[in-house]
Amino acid sequence: MALPKVAVVGYPNVGKSTLVNRLTQTREAVVHEQAGVTRDRKELETVWNGRPFLLVDTGGIDSDDEGDLAQVVAVQARRALAEAAVVVLVVDARAGLRPGDEELARELRGSSPPVIVAANKVDDVRAIAAAAEFHRLGLGDPIPVSATQGLGTGDLLDRIAASFDGVASETGDDAVRLAVIGRPNVGKSSLVNAFLGEDRVIVSDRAGTTRDAIDTPLTFEGRALTLVDTAGLRRRAKVAGTIDYFAQLRSERAAERADVALVICDASEGVTSEDLRIADLAMKKECATLIVMNKWDIAELDLDHTRARVQTKLRLRPKVITASATTRRNVHRLLVEALALAERAGGRLSTPELNRFLSDLQSARQPPNVRGRALRMYYLSQYATRPPRFALQVSDRSRVTRAYALFLENQLRARYALEGVPLVIEFKGREEGAKGRSRRRA
C-alpha cells in the first residue's frame, strides 16, 4: 500500500508551497511572490514522529477566475483532494477571512478526509489571535503557523500525524525513476499523460506551463515506475532572475535523481543544438538516455539523418525513437525501452566475460604504440553500477590515447547493448598502483 497523502489546498498566494517546503525541509516546491506559480500537483515525502507520508502541493483554487489555465489548475487540486487521506486548508491570517476561503470550506465540510485549517503568515507570536477568525469556517480549531519563520509547524505536523490513525502505509521504493526532460513546449506533459492514460499533469499550448518536477507513480507490466515531468530546460543565462530559474534547477536535479531520461524533441524541428545540450546534461548527471522525437504524427523528418546526427554528436550514442502523444504511437514501446535501459545501466558483467571482450578488442585493433613502446592491457572488471564503472589495468596509463579510449567505449556499448548508458572507465597503471588512476567518462 502506498504512503498516505496530505493535500495542501487553498486560495492562490496564501503560502501553500512555502509551507510545504518548510514541512519537508526542502526547497522543492517553487515559491514566488507572484500568485499562481504552482500549477500541477507535486508530491513530496516527509516523516514526522516515525510516520512517513506524502505532502501534495497544489495550485490555488479561485472559482472567480474563469481563465482556462486557472480552471485546469483547480481540477488538478480537486483530484488531489479525491486521493487524500488528510487535507490541510491553508488560509492567510494577515488578509483575514475571504469569500474564497469560505467557498472552499463549504466544499471540504462535505468531504470524507479529516480537514485541518492552517492559518499561515502568523510571523509573530503577538499575531496568533488573528487565527481565531477562521473558526467561522466550521472545520475545527485553526492552527496558527508561519511557513517563513517555522512558528507552529510542529503543532501542524502533530495534528497531521494524529489524523493517520488506522491508515496503513509502507516505505521502500525500488521504482525505476524516469525523467521526461526537454526544451519548453515539445510535448513532455502530453507524453506523461499518455503514459498514465489520464490528464495527470497540465497541458497547454503556452510554453512554460510546467514549473515543478512532478513525480507520479505508475505500474507498467508489473514493474514500479516513477514518472517525473519537468519544466522546459533553457540556457541558465536566459532564465536568470526570473520565476523560471528555480524551475530550471529542479529539472536538472530531476535528471540527477533519475535512472533513465527521455529527452523529448519536436519532430517538426528535428534534433536541435539545444536538444543535444540537454542530452549531454543528462549524460553528465550519469543518467541513461533515450532520444524521443515527439509529434511524429505532424512531422516529416529524415530519421536516418537524425540518428546519424545523434550518433555523431553524443558519446552515449542513445537510441532515437519516434512517438506521438496525440495518437499514442510508440507510447508503450517507450516504457519498454526505458525499463530495458534501466536494467542494462544497473546490470553487472562478469570478469571472465569482460576479459574475453578485452582479448577480442586487441585482436580487432592493436593498442597504440607511444614513443616506441606499446600499451598493454591486462585485466578488465566492473566494480559498480548505475552507471556501470569499469577498472582496466594497463602497463602505463600515459600511453592510453583518447582515440583508443573512445574505441574501447564504443565497442563496449556495441557488444553489450549499452547505447545511451554513461560509462566510467578507469585506467590504472600497473607500476603506479592505486595512485596511478585516470578516469574517462562516456
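**Strands and partners**

A: Start with Leu380: its bridge partner in strand S16 is Leu392. This is a predicted model, where local features need pLDDT of at least 70, side-chain atom pairs count only at pLDDT 80 or more, and totals for chains, interfaces and linings use all residues. Residues are numbered from 1 along each chain as its sequence is written, and side-chain values use heavy atoms, with hydrogens and water left out.

Q: How many bridges join S15 to S16, and do they run parallel or antiparallel?
A: Strands S15 (residues 377-384) and S16 (residues 389-394) run antiparallel, joined by 6 bridges. Strands are DSSP runs of E, at least two residues; helices are H or I, at least four; both are numbered from the N terminus. Pairing takes at least two DSSP bridges.

Q: What sits between S15 and S16?
A: A hairpin turn with 4 residues between the strands. Arg386 in that turn has a positive phi of about 50°.

Q: And S17, how does it pair with S16?
A: In the parallel sense, over 6 bridges; S17 covers residues 424-429. Phe390 has Ile425 as its bridge partner in S17.

Q: New topic. What is the strand order in the open sheet?
A: S2-S3-S1-S4-S5-S6, with mixed pairing.
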